[in-house]
Each structure stands twice: as C-alpha cells, then as structure tokens.
Amino acid sequence: RLRTTSRGGRRWYDWRGERYWSVTTILNGGLPKPALLPWGIKMVAEGAADLADQLPALVKKDREAAVQMLKGLPYSKRQQAADLGSLVHAATEAYVLGKPMPRWPLPVAARMKTFERFLADYEPEYELGMAEAPIFSRSERYAGTLDAVIAVDGRRLLLDLKTGKGVYPEVALQLSAYRYAEFVGLPDGSEQPMLEVDGCVVLHIPESGDDYQLLNVQA
C-alpha cells in the first residue's frame, strides 16, 4: 500500500507523509547498462526472424503497425521476465509463510522445485521479509522491499532472490542499500530498527530451472 509506480516506471514509497525513492529506481536512473542495447537489437532481430513468413503481409497491410510491433518486442520480453519473477517471489513467500498457494504455471513449478532443494540443503530460518514490511533510510531518503533476512548456521544473512538469466554487479549496491537502511516500516505504522546482518547473499534460481546458486555478495 505504501508503494507507487508511475507510468514511466519510477517508484517511490510514502511513509508518514514523507516520500522516499525506491532503491531500484535510483539504480536504474544512475547506472549505465550497455548490455541493454545489443539485447534489445537481438530481441527485434529474433522476432523478425520468427515472423519471417508473416512479416511481408503485415508490412503490406500496415507498415507503421508492423514497425511498432517489432519495436515493442524488447519491452514485451522484459515484462514477461518481470511477471515471471513476481510469480516466483509470490510462490516462495506463500511457501515460507504457509499461505494457500494456487496451482503454479509450469515455469514457476520448475523453479519452486529448485527452491525446495535450497530449503532442504540450508534449512534457513526466516527472520524478516517475504513482503512483511519495507525498509527505509530517513537520512538518505530511500526505501525498498527486501526479500528476506535469514539465519543459517548461526549467521544472519540478507537474502535477495534472483530468477533471471544472470546476477549482475549492481546487486551489490542494491543489497548495500538494504543492509544499511535505518528502520523497517511495520504494517501498524510503527518503526523498528533494521536488523544487523553478518553478510549478504543472492539466491539465483536460473531460467532453465537448473540447480540454484547461493552467491556471497560484498555489500
């Protein structure tokens, strides 16, 4: 309820009459991503190749509509990946909190089997996260929603779940911001100090549904 996303994709949190920019919006606005351009070109090229039989007729019927359709392919692909990531996050949250779970689509079911292997291997104790509450830095004016703080083998770790193709360096900045947030905004409107952690990790469950990786992150 605290989070708002604009049409342009910028996100912020409102807390006690104050506005905080989201960590991901800050990073997206400030870090160059040179890999995005060749990736977008590849998506359009692959889409054109997949539609090779239909494309001449589409262009003949409405050239501008065909161009707009091809231009939109990278955004559509990115949204599909984001939607899948959201489903996996919701599924893991339901699993950990014991909530009722709908039937998972096949891509989510494969990742959930991988997630179950992680639970069996590490037996983590979840102390914070899984949509319980957002975290804030009042001094730096940012906020975010972390995935979890877990305890494993006597260590308290800030965990971030990634479901994409890879894990990229900016995750260290994201987890640093979460780690050094000042307080957690609780559902009743109260605040509690952010938990101190011993380290940060990424749980990467790849697109292929192959085995997970638990990666230490310098944050």
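## Terms and model

Two strands count as paired if DSSP finds at least two bridges between them. Helices (H or I, at least four residues) and strands (E, at least two) are DSSP runs, numbered from the N terminus.

This is a predicted model, in which local features need pLDDT of at least 70, side-chain atom pairs count only at pLDDT 80 or more, and totals for chains, interfaces and linings use all residues. Residues are numbered from 1 along each chain as its sequence is written, and side-chain values use heavy atoms, with hydrogens and water left out.

## The sheet

Seven strands form an open sheet with mixed pairing, in the order S1-S2-S3-S6-S5-S9-S10. Strand S1 (3–5) and strand S10 (191–193) each have a single partner strand and stand at the edges, so one side of each has no neighbour in the sheet. On average, neighbouring strands of this sheet are turned by 35 degrees against each other, direction ignored.

S1 and S2 run antiparallel and are joined by three bridges; Arg3 has Tyr13 in S2 as its bridge partner. Their hairpin has five residues between the strands, and Gly9 takes a positive phi near 95 degrees there.

S2 and S3 also run antiparallel, with four bridges. Asp14 stands opposite Arg19 in S3. In the hairpin of S2 and S3, with two residues between the strands, Arg16 has a positive phi near 50 degrees.

## Strands S9 and S10

Strand S9 (residues 183–185) is antiparallel to S10 and joined to that strand by three bridges. Gly185 has Glu191 in S10 as its bridge partner.

Definitions and conventions
Axes are lines fitted to C-alpha atoms, for helices over the stretch in contact, and angles run from 0 to 180 degrees between N-to-C directions.
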